[in-house]
Amino acid sequence: MAEESQDPEENNQEQKQELKPHITRVSGMYEDYFLDYASYVILERAVPTLGDGLKPVQRRILHALKEMDDGRYHKVANVIGQTMKYHPHGDASIGDALVQLGQKDLLIDAQGNWGNVLTGDSAAAPRYIEARLSKFALEVAFSPKVTAWQSSYDGRGKEPVEFPVKFPLLLAQGVEGIAVGLSTKIMPHNFNELIDASIKVLKGQKFDLLPDFPTGGIADFSNYNEGLRGSRIRVRARINIRDKKTLVIEEIPFSTTTGSLIDSVLKANDKGKIKIRKIEDNTAEHVEILVHLPTGISPDKMIDALYAFTDCEVSVAPLCCVIENDAPQFLSIKEILRRNVQNTVDVLQAELEWELNELQEKWHFASLERIFIEEKIYRDIEEAETWEAVIGNIRAGLEPHIGHLLRPVTDDDITRLTEIRIKRISKFDKDKADANIAALEGNIEEVKNHLSNLVSYAINWFKNIKNKYGKGRDRKTEIRAFEDIVATKVALANVKLYANLEEGFIGTSLKKEQFICDCSDIDDIIVFLKNGQFMVTKVDQKTYIGKDILHVAVWKKGDKRTTYNMIYRDGKKGAAYMKRFQVTAITRDKPYDLTIGTEGTEVLHFTANPNGEAEKVMIYLRALQRLKKLKFEIDFAELAIKGRASKGNTVTKYPIKKVEVREEGVSTLEARKIWFDETVHRLNAEGRGRLLGSFKGDDKILEVSKSGHYRLTGYDLSIHFDDDWEIIQKYDAERAIAAVYFDGDKQKHFVKRFIPEVFDRKELFISEHPDSVLDFVSYDEQPRIEIVYRKIKGKQKENEELHINEFIAVKGEKAQGNQLSRDEVRKINALEPLEIPEETEEQNNENENSDNSLSQEDDGQITLGLD
């Protein structure tokens, strides 16, 4: 009643206090919630742990598969259901993660249609495909006795905190994940190379480790920087020339599929960057994309264009972020491997210690059992009336005999002794018991030896893993340094350039004006004016340069071949000057003056010469009373090429009436030196690699490949060479190729010499049988070989040296050649070629000097013998 008579005003104040809202700052709320969510996604979803290299969903999938493991395949739908007991994020994420694990072909033994990483095709529905743990996974990932466990999300089960993985699994599989404010992208690495590197880590040796992609391709790791932030990998498709009108893409870059690559090619074609006739996708087990080229398109130039404008070349940015001690860490690939190897050693040590403890326990009880039965201690319990008395009598009976045991005898040990059956006691065999104890002691010593030599044990562990599971896991991605492809040099001429020469406009939209040339929409254009100025600008729809345009052309940066010849008058009444110059580097859209700069200056003669040609011109002077000679001839070949800012040489101080070209010039530039860079398999003029020689005019390069083909080609720097080349050298029309090959049809070795003559096409010079093999090829003057014969019926014929030039004369390239020997040949070894006699060498030097070609010192040669 007292409560009911409470003051009404106090009740109202209390109600107002209850209705008053509690204020929470949005900024603080956002900060707390965001950090909680970000931490959860980083730790529980997207980023793998350093120890076992797995994301939580992957770890739970493997745990579920281990629980279900009975040696047979399981429907993926069932695996997903089992995993959902541990992973609270739905079946879709589990299914996708399981398919990705299966496609890596390492931990999951998959059966059915699991999709295709090459084409991007998705896997069949979970109810149609099956999976089980691979033997490799069972051996390296599971060890329940040394595994730390935690409760599942609902508390109904146990799941591993981390698997005790005894392998650098993180680097083998690679991983990609995007969290909140954080991402990771670790490249996959080659299985065998990882093991080799792990062994070097254990030995304290230096090692190199580079990614290996399942899609193959060619990769440049120059800027890899061990996968740290800011590193880059350039990956290219493997493109070969099938014929003049067909390219075949046989391997694709990592992170692309055949579908995405084809789309990028079609997109570049639609934009006019490249020009193709059609593209076909014949990919099945292996990639095969055929790119058909229209007539007149160079296949070598098209390969560079595909790299420049399509996904045939992609740039991948690695970022090695892992979870260690519940926090994200950015580590290098080498540091990750070192820690994974140390983790493997720690797990092996824990397993050995557990095994040692088990063996010692077995030895302990076996020793107790033998004492219990041999000393007939079991009879001491006959008179005992209580359990305590039984334990006491047995302990008293054991006491005199247990001094050699490893630990004290416990009541549990005695209880186990009482559980021994009478039948076992009656059939006790002392010899068997001693042998069992001796075997246990041997095993204990072996485990102790492993523990005392843990590094050697770990090395043997890795070697055993490589022997068991390393077959068929060769490197798929070729490591090669790439040359930079300048897009303007390989871009297709997809627009037309026009110019109004009088008004000074150029552009692609001036279709009513004078047509200049076809060009690319990313080209630079150089324009020369009558007042002696020039400027370089980008292609655009309409650009004003200046009135009275003399010359418009596409300009290539660093062009040291194109030479400009010019005669100009200084001012309105000044002297005339002539000059030769090149334009190799400029600032775009900046006007440059080629003259002294006097007002009224005018260009009287101008030519652009792509190969440094120098013409002869006739100068006509205005008639003046004191002049007797009103015309004279000038040869630009007598004028040195200087910088564009030079004043030039004086032509005349008198007024010029006109300038006429009397004779078209020839190139005044020296032969071009070409090098072959064996690292990138490309030609260059910058001195990288091996000097092939000096080239001019119709000079050619000879390429010979392991497949038994040769090709004669020009010396354009965009030429691509086969990966299996044996000889790349300057072609000499009087020198023969010497070859030894095995004829698959006749099952004999043949020798032949021939002079290649077919230009710009691959020609087969061995027999067409699929078992035919090229054993030796040389482009030396005097090649020699050593013949190694097979041992027949225990008899070994001595090796024989053969001078090929004396064995066979030069014949046609289609000739079969002479049989090498009637005896069975095991292999051919290449020997040093004979030195050329002095007379012949002098004659060769004289001929080369007269032809302005390369001396023997510059003539790089290759002679290779193939086992």
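I looked up lysine 748 and found it in strand β41 (residues 748-754), where strands are DSSP runs of E with at least two residues, numbered from the N terminus. Lysine 748 counts as partly exposed because its relative accessibility is 39%, the class between buried (under 20%) and exposed (over 50%), with a 1.4 Å probe and protein chains only.

I noted that the model is predicted, with local features needing pLDDT of at least 70 and side-chain atom pairs counting only at pLDDT 80 or more, while totals for chains, interfaces and linings use all residues. Residues are numbered from 1 along each chain as its sequence is written, and side-chain values use heavy atoms, with hydrogens and water left out.

I then turned to an open sheet of four strands, in the order β14-β9-β8-β17 and with mixed pairing; two strands pair if DSSP finds at least two bridges between them. Since β14 (313-316) and β17 (478-479) are at the edges with a single partner strand each, one side of each is left without a neighbour in the sheet. Strands β8 (residues 218-220) and β9 (residues 233-236) run antiparallel and are joined by three bridges, and I recorded arginine 234 in β9 as the bridge partner of aspartate 220.

Last, I checked glutamate 503, which is placed in the loop between β18 (495-500) and β19 (505-507) and counts as partly exposed because its relative accessibility is 34%.
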